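These are my notebook entries on one protein chain. I set down what I looked up, entry by entry.

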Amino acid sequence: MHPTACDGTPLLIEATSGSFSSPNYPNDYGYNANCSWRITVPEGFRVQLKFDTFKFNDYCTYDRVEILDGPNSNSPWIARFCRSTKPRILNSDGRSLYVKFQSDGVISSMGFMASFVAIPARGTRNSGTATMSNPLLTAILSIWNCTLYIRSEERRVGKECRSRW
């Protein structure tokens, strides 16, 4: 796990995967925190960010996490998260994400634990074969001489069949 970066300078993380957390996690993060992380993955990839744990107080104007799509605090804003609803998984458009965490001087909570992984950039194709593990589906596809294909970019599943009869 990477250390926290709450001294006003973002912690630079260059890796294909990793994790980071609010200060003192899993204990309360403390008061007046101002932390930031710049996550950068290799060329040809983008960042997928997942919050494993997320627990904040109910006042969004004070304690929050902001995600920006790029390498610094001037990058386009993706989202702001607060309260204790675990955020959805986020994907960057490029190879960097900038994460900012701020807390006030009144109420403190557990904070967050986040993990990231490098995923192929848009337009990158990974082709390959897989083995079916469902005997019934395998039998049906073989009777009809079918090929099952999955296209992840378009999120479509399809089939091509020619009857043997």
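**Entry 1: a salt bridge.** I began with Glu66, which forms a salt bridge with Arg64, the closest N and O atoms being 3.3 Å apart. I took a salt bridge to be a side-chain nitrogen of Lys or Arg within 4 Å of a carboxyl oxygen of Asp or Glu. Both Glu66 and Arg64 are buried, a term that means under 20% relative accessible area, with exposed over 50% and partly exposed in between (1.4 Å probe, protein chains only).

**Entry 2: the basis.** I noted that this is a predicted model, in which local features need pLDDT of at least 70 and side-chain atom pairs count only at pLDDT 80 or more, while totals for chains, interfaces and linings use all residues. Residues are numbered from 1 along each chain as its sequence is written, and side-chain values use heavy atoms, with hydrogens and water left out.

**Entry 3: further partners of Glu66.** I next found a salt bridge between Arg80 and Glu66, with 3.1 Å between the closest N and O atoms. Because Arg80 lies in strand E6 (residues 77-81) and Glu66 in strand E5 (residues 64-68), this pair ties together parts that are 14 residues apart in sequence. Strands (E, at least two residues) and helices (H or I, at least four) are DSSP runs, numbered from the N terminus. Arg80 is partly exposed, at a relative accessible area of 41%, whereas Glu66 has 9% and is buried.

I then recorded that Glu66 forms a salt bridge with Lys100, the closest N and O atoms being 3.5 Å apart. This pair links distant parts of the chain, with Glu66 in strand E5 and Lys100 in strand E8, 34 residues apart. Lys100 counts as partly exposed, with 23% relative accessibility.

**Entry 4: Asn57.** I located Asn57 in the loop between E4 and E5. Is Asn57 buried or exposed? Its relative accessible area is 8%, so Asn57 is buried. The side chains of Asn57 and Asp63 are joined by a polar contact of 2.7 Å. A polar contact is a pair of N or O atoms within 3.5 Å; within protein, one must be able to donate a hydrogen and the other to accept it, and residues adjacent in sequence count only if both atoms are side-chain atoms. Leaving out residues up to four places away in sequence, Asn57 touches Tyr29, Asp63, Arg83, Ile107 and Ser109; contact means heavy atoms within 4.5 Å.

**Entry 5: a sheet.** I traced an open sheet of four strands in the order E2-E9-E4-E7, with antiparallel pairing. Its edge strands are E2 (17-21) and E7 (90-91), each pairing on one side only. Two strands pair if DSSP finds at least two bridges between them. Strand E4 (residues 45-55) and E9 run antiparallel and are joined by ten bridges. Phe45 has Pro120 in E9 as its bridge partner.

**Entry 6: the whole chain.** The chain has 165 residues, of which 35% are buried. Of the contacts with a separation of 6 or more, 73% are between residues 24 or more positions apart.
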